[in-house]
Structure formats: C-alpha cells, structure tokens
Amino acid sequence: MKALVVPKEQAETVRLRLLELGCLDTKRKLSKKGEHLEIPFTGAVPPEFGSYQVVWPDDAKYYEPEPTLRDLVREYLDHDKLALLPGGWQMIGDIVVISLHSDLYPEKELVGDAMLKLYPYCKSVYLDGGISGKLRRPRRELVVVRDGVDDPAVTVHNENGCRFRLDVTKVMFSKGNLREKMRMSRLGEGGAEGAGEVVVDMFAGIGYFTIPMAVHSHPDKIVAIEINPGSYHYLVENIRLNGVEGIVEPVLGDCAEMTPGSSADRVIMGYVGNTCHYLKYGIKALRSGGILHYHDTVPVHLVPSRPTGQIRDEACKQGRRAEILGWHRIKKYSPGVWHVVVDARIE
Ligand SMILES: C[S@@+](CC[C@H](N)C(=O)[O-])C[C@H]1O[C@@H](n2cnc3c(N)ncnc32)[C@H](O)[C@@H]1O
C-alpha cells in the first residue's frame, strides 16, 4: 500500500516508467495532494526514483480489475510458457517494445496481439534485440501493427514536458536514466554575469539531455553534437518540435573533431563504453570554473576511483585542476558494472 509522492508535472512520466518496470500498482488509483500526486507502487522503490518521498496512504481507492497480459494469453499457452511471459516492457510514444524469452519466440504474434488489446492507443509492437555499437543502433523487429497504420516505427514520445520524435528501429531511446535527464533539465540557467550558460552536449543522440535543458532551463546556447546521421535527423526535428531553435545548435559529426575549445560553462559527456577517449576534448571545451558531467560504465570496485582519477589526470595533463563535486549511480549496466556520472569543476 505504498505510494511515491511526485510533483504533478513529473507524474505522468514517472507513472509510465513504473508501469514499464512492472511495479506500478495498477489496482489502485493515483491521488492528488496539493501540487503533488501519490502514485501507488509495489515492491522496492526503483533506484532511479530514490529521491522521491514514499508514503503509506490510508485512503487508497481501487480500480475495477483490468486484464493482464497473462489473462489475455492464458488459454493458448501451457504453464511453462506462461511462466516465461515478461513482467515489463517499454512504451515509446504509441509503440510497445518488448523482450521475449527465446522459447516464447514462436508465440510472438500472440503476445503482440495481446499487447495491442492491453494498450488500445498503441499502433505497433516491436521485439527488442538490444542496442549495439558506437552509434547505439537498436535491433528491433516488427511483430504486429494495427490495420491502416503506414509508419509503424515512427512515434512521438512525451517525457518531462518535452516531445521526442524518433524511429524506434533506427535510434535508441534510453529511459533508464530518467532521473539524470530530469537533473540535467534543471541545469544551464546560471552562466557568467547573469547570462544563461553555454553548454556542449558531446553525445547528443536525439536530444535526450539537450532538449529538456533547453526547454526548462533556457541556457544561452547548447552545442549538440551527434555522429549518427539517423539520430541527428531526429535531433534537428526535435529542436523544431520543442521550439528551441534559438538555443540549440545541432552539429553532425565526431565530437573528437567538432567540440569547440575553452568556451563552455558546462559539458555533458552522456556516452558509455570508452568515454575516457573523449575526455581531453570535454575538458578542453570548458572555461575555467566550468562543470563537466562525465558518464562511464565502471566495475563496482573501481567506483568512483577510476572515473574521478581519469578526470584529475586529464585535467593535470592540460595544466588544469579538477575538483570532484560528486558522483552517482545511473543504473546497473551489467553484472558487477555500474553506469555512473561524475560531476567535476575544472579550474
Ligand atoms: C547513449 S546515446 C545518447 C545517450 C543520451 N545522452 C542518454 O543518456 O540518453 C550516445 C550517442 O552518442 C553518439 N556518439 C557516439 N560516439 C560519438 C562521437 N564520437 N561523437 C558524437 N556523437 C557520438 C551515438 O550515436 C549516440 O546517439
């Protein structure tokens, strides 16, 4: 009977994410408390929502029970296959993206049809095969599409008051870092002498950090660099869709070549894998006193010493000094490895 207390403008984003994670309590209704909503959930608080208050309301109201995925396919699958049904999935705009155990693969259309019944506003269901390579290209297979839909892969996803248009077969949409995207959306206002900041987003994708920061914090300028032409195409569309053409300057290319030098108040390095290869460009881009947000995947026993050491070493090589302001875990990346972000001031 627990609920997360969430500011009302963030409530829909958090509700959808809890639904995907399989821990929204769909039997209970949300309740409004002043400027907040109490969102009922089950199980442990997902780490990405660790900063929200948890309450145990004594005035819970219940919905009439809705059918579940299991209810919809029960009569067609045996007990073993029912046990393999996924407990969660991703909703990107009006598209469902689902991972299936290989033993359920022959049943993918049955599951896909059931998903369209569960979500009458959704137009298609894709099977997820993971994301690979430097360009973060997803492997996705169309399973079912509603009659009459001619662009099953293209959608507009609403998150944190921003709109993201994308093709789910061409570009990733990372939802595991919602808390970090919200944090970034509150930064960028305070540049030198009252002006907004100059920000460089070195791995901009379709604008995951750039768009919320531009929409909510109105920095002076964000230089958003993206190497994948497919993602860049949607970055440009999303700048227009969110009306931030006057703030965001999109750049198609490799940030190792396109990152501007020594002018930025803030640099976002939102990429994992071998982010350290690009650290010298990120640090060079910062004016004295500028802030770096450095992401990487790190074995747990090297958190935070490896990324903080890399930042200090690179600053030192450039004859500068790094003050580590803090770090936090974004998510578990693989067994024993975390995705973390370190914030540092570079003098
Ligand atoms: C992980 S995605 C974007 C992640 C996003 N910041 C987030 O956290 O949701 C990283 C993006 O960096 C782009 N990328 C990879 N290497 C790059 C490079 N050298 N220069 C510019 N962009 C690059 C990829 O194409 C991808 O769109």
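In what order do the four strands of the open sheet lie? In this predicted model, the order is 5-6-7-8, and the pairing along the sheet is mixed. Strand 5 (90-92) and strand 8 (137-145) form the edges, each pairing on one side only. On average, and with direction ignored, neighbouring strands of this sheet are turned by 30 degrees against each other.

As a reminder, the strands of a sheet pair through backbone hydrogen bonds, either parallel or antiparallel. Strand 6 (residues 95-98) and strand 7 (residues 124-132) take the parallel sense, with four bridges between them. Within this pairing, isoleucine 98 has leucine 127 of strand 7 as its bridge partner. Helix 4 (residues 108-118) packs on the sheet, where it touches strand 6, strand 7 and strand 8. The direction of helix 4 makes about 80 degrees with that of strand 8.

The ligand is the next stop. Around the ligand there are 19 residues, of which Ser174, Phe203, Gly205, Tyr208 and Gly270 come nearest. Two elements, strand 12 (221-226) and helix 8 (255-258), each give two or more residues to this shell.

Definitions and conventions: Residues numbered from 1 in each chain as written. Predicted model: local features only at pLDDT ≥ 70, side-chain atom pairs only at ≥ 80, totals over all residues. Near = placed C-beta within 6 Å. Pairing = 2+ DSSP bridges. Axes fitted to C-alpha atoms, helices over the stretch in contact; angles between N-to-C directions. Contact = placed C-beta atoms within 7 Å.
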